[in-house]
Protein chains: 2
Amino acid sequence: MATSKTATPRDRLLAAAADLFYREGVTATGVERLCSVAGVSKRSMYQLFETKDALVAEALATSGPVTHASFLPDDTETRPRDRILHVFRVLEDRAATPEFAGCPFVNTATDLRDHAHPATEVARDFKQRLTDWFAAEARAAGAADPDLLGRQLTVVFDGSAARNVVHGTSLQGLSVTTAAALLDAAGVV
Amino acid sequence: MATSKTATPRDRLLAAAADLFYREGVTATGVERLCSVAGVSKRSMYQLFETKDALVAEALATSGPVTHASFLPDDTETRPRDRILHVFRVLEDRAATPEFAGCPFVNTATDLRDHAHPATEVARDFKQRLTDWFAAEARAAGAADPDLLGRQLTVVFDGSAARNVVHGTSLQGLSVTTAAALLDAAGVV
């Protein structure tokens, strides 16, 4: 979390929140600690965000697009199959680092245990965005049921991330192998 | 959580812990609330369990075998493929109920964000137990790489549970369809 010293209190709070919520959990991170890390008073925090819940949702909405985009290939990869497997290769690389703590969207929904929480809605939108991206690539590749394949690939993504969270070890190719088996089954070569 | 009035304070604490940790989260459940629900004083709790962490681990170790067994088929199902798909049918049934809140083992590891926590070790053992069960069935069915298939099926299980946690909707056959595709790919008919 590199936040410029000239960043506004709002930006510092959002950056500290995204970092702490990911590393330590939404529920585990109290407002005191958050404000202390951000270098912002509690009074200022509550002037900027009505509630901690609102801050949780906005921090995820702000960090989410960068997280999402960081898994996607650039335009030099053109075959849909390669583009899809790229996502899992990035996941494998991340899961091999000590900083990896699972999917921030799934983790937030798990932490909150509340489907109606505004941050769970943000999490849902981002998981749907990944599923839609997979489905669009699957459609471009002529898959029989691209929407189903999109959901299946997200299941592999999240189940692989969960494996790392539980076992604390790298994936050793498991997510790529599993995604590839489903691509084969759907005729995406 | 139906605990007999004659249950010991220890049993009441373990039952309340398993229930609250699953429904609301390990971090979200404070010791005060836990003792209040269990009808046990904090003093008694700390006489029975050295720390909250020890209680978290023991509650999961105590409730885990029942959770694990509840997904498995009985002996009337004999084909390994049917026995494996039974697990996913149970998952689909559970995920269609409002009480379902994901896999308790994955959730505990996610809540704690600490691979060395004793409860994360318990969670790891139970996920490995499921993976080993899948692998044994896959081996009985003559799968080419039963250990890989076991890990893949656990990925599908956990990714499907995560989908429910995020979206709050039933799985509509997604976990069964995905597991079946991987069984097909591994030659388990």
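Predicted model: local features only at pLDDT ≥ 70, side-chain atom pairs only at ≥ 80, totals over all residues.
Biologist: Where is Gln172(B) found?
Modeller: Residues are numbered from 1 along each chain as its sequence is written, with chains lettered from A and ligands numbered from 1 in the order in which they are written. Elements are DSSP runs numbered from the N terminus, helices being H or I of at least four residues and strands E of at least two. On that numbering, Gln172(B) lies in the loop between α8 and α9 of chain B.

Biologist: What phi does Gln172(B) have?
Modeller: Gln172(B) is not a glycine.

Biologist: Which loop holds Arg113(B)?
Modeller: Arg113(B), also not a glycine, has a positive phi of about 45 degrees. Its place is in the loop between α6 and α7 (118–140) of chain B.

Biologist: How are α9(A) and α9(B) oriented to each other?
Modeller: Axes are lines fitted to C-alpha atoms, for helices over the stretch in contact, with angles from 0 to 180 degrees between N-to-C directions. The axes of α9 (residues 174–185) in chains A and B come within 9 Å and cross at roughly 90 degrees. Angles under 35 degrees count as roughly parallel, over 145 as roughly antiparallel, 65 to 115 as roughly perpendicular and the rest as oblique. The two helices are therefore roughly perpendicular.

Biologist: Which residues of α9(B) meet α9(A)?
Modeller: Contact means heavy atoms within 4.5 Å. The residues of this contact divide into five nonpolar (Ala, Val, Leu, Ile, Met, Phe, Trp, Tyr, Cys, Pro), two polar (the others, Gly among them) and no charged (Asp, Glu, Lys, Arg). Thr178(A), Ala181(A) and Leu182(A) meet Thr178(B), Ala181(B), Leu182(B) and Ala185(B).

Biologist: What is the volume of the largest cavity?
Modeller: On a 1 Å grid over the protein atoms alone, a cavity is a set of points where a 1.4 Å probe fits but cannot get out, and lining residues have an atom within 4 Å of a point. Points are joined across faces, edges and corners, and volume is the space filled by probe spheres set on them. The search finds two cavities of 30 Å³ or more. The largest has a volume of about 140 Å³.

Biologist: Which lining residues are closest to the centre of the largest cavity?
Modeller: The lining divides into ten nonpolar, six polar and two charged residues. Of these 18 residues, the closest to the centre are Val106(A), Ala162(A), Val106(B), Thr110(B) and Ala162(B).

Biologist: Which element gives the most to the lining of the second largest cavity?
Modeller: This cavity has a volume of about 30 Å³. Its lining has three nonpolar, two polar and three charged residues. With four residues, the element giving the most is α8(A).

Note on methods
Heavy atoms only, no water. 1 Å grid on protein atoms, 1.4 Å probe; cavity = no way out; pocket = protein on both sides within 12 Å on 5 of 7 lines; lining within 4 Å.
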